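Work through the exercises below with the sequence and the model at hand. Each task is followed by a solution in steps.

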Amino acid sequence: MEMMIILLIFASVSGILGQTDMARKSLIFSKNYSFPAELTYDGGQLSKFTVCLRSCRNMTESVMFSILSGARHDYFFIILGGGPDANTGLIWVKGRRVDINFPTDDPRPRRSICLSWDSPKAKMVLWVNGKITEKKVFEKRGIEYVDPRIFIGPGQIFLGGKPKMGVGEITDVHVWDRVLTPQEVNDYYRNKKGKVGNIINWRALKYDGADGDFIIGPFQCNF
């Protein structure tokens, strides 16, 4: 995990800055060992958050979303499987790995994922396509992410996988500084207007990434 932290910090040293409306667009990572993009915001302290995003179940590469505390080596990340491992993934929170399995009874290629973390309650909840699929309660020792840094990038760089020439992509990423209600998660899943994050807003995205390691393009999965 120390190597992961070093890579994430290095990734934002010589990046490019940008801001754009990313509606119906995605971040596309075409190199397995490319550095991640950092999604920037005004900073602050997080003891609760919800992240929602959309991905392709048939993407050839895995994709990682992570939150790294700016003050300590406290980190949270989720890795979405790709290719033959499309129905598996993992979450790392409070120093503990949680393996997850995505539902296999939904044939649609597009997958809507929301994950909430409530540090005071030490509770994690995962929704896939608007339904709760995982609930975990951890030992209560509060972790607050101080001036956290948020990254998106290829997952295999942290899993030690072999380089491939496939593509991993992710879209419609929103982050809130609270735990969303089930109705709010369902609103996001059904793509209702106005359901945007107050920390990360895909419709007004600010990002910092290594030039050439990702491109912005149309989301490949059917809406």
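A disulfide is a pair of cysteine sulfur atoms within 2.5 Å. The model is predicted: local features need pLDDT of at least 70, side-chain atom pairs count only at pLDDT 80 or more, and totals for chains, interfaces and linings use all residues. Residues are numbered from 1 along each chain as its sequence is written, and side-chain values use heavy atoms, with hydrogens and water left out.

**Exercise 1.** Find the disulfide in the whole structure and state which parts the pair ties together.

Solution. Step one: a search of the whole structure gives one disulfide. Step two: the partners are Cys52 and Cys114, with sulfur atoms 2.0 Å apart. The link of Cys52 and Cys114 is right-handed, with 115° about the S-S bond. Because Cys52 belongs to strand S5 (residues 48–56) and Cys114 to strand S10 (residues 110–118), the pair ties together parts that are 62 residues apart in sequence.

**Exercise 2.** Decide whether Cys52, Cys114 and the rest of S10 are buried or exposed.

Solution. Step one: buried means under 20% relative accessible area, exposed over 50%, and partly exposed in between (1.4 Å probe, protein chains only). Step two: Cys52 has 0% relative accessibility and counts as buried; Cys114, at 2%, is buried too. Step three: nine of the nine residues of S10 are buried, so the strand is largely enclosed by the rest of the structure. One side of S10 carries buried residues including Ser112 and Cys114, and the other carries buried residues including Ile113 and Trp117.

**Exercise 3.** Which strands pair with S10, and in which sense?

Solution. Step one: two strands pair if DSSP finds at least two bridges between them. Step two: S5 and S10 run antiparallel and are joined by nine bridges, with Leu53 opposite Ile113. Step three: S10 also pairs with strand S11 (residues 123–128) in the antiparallel sense, over six bridges. Here Cys114 stands opposite Trp127. Four residues lie between the strands of the S10 and S11 hairpin, where Ala122 takes a positive phi near 55°.

**Exercise 4.** What charged end sits over the ring of Phe102?

Solution. Step one: a charge sits over a ring if NZ of Lys or CZ of Arg is within 6 Å of the ring centre and within 35 degrees of the ring normal. Step two: the charged end is that of Arg111, 4.5 Å from the centre of the Phe102 ring. Step three: Arg54 lies over the face of Tyr188, at 4.1 Å from the ring centre.

Key: Helix = DSSP H or I, 4+ residues; strand = E, 2+ residues; numbered from the N terminus.
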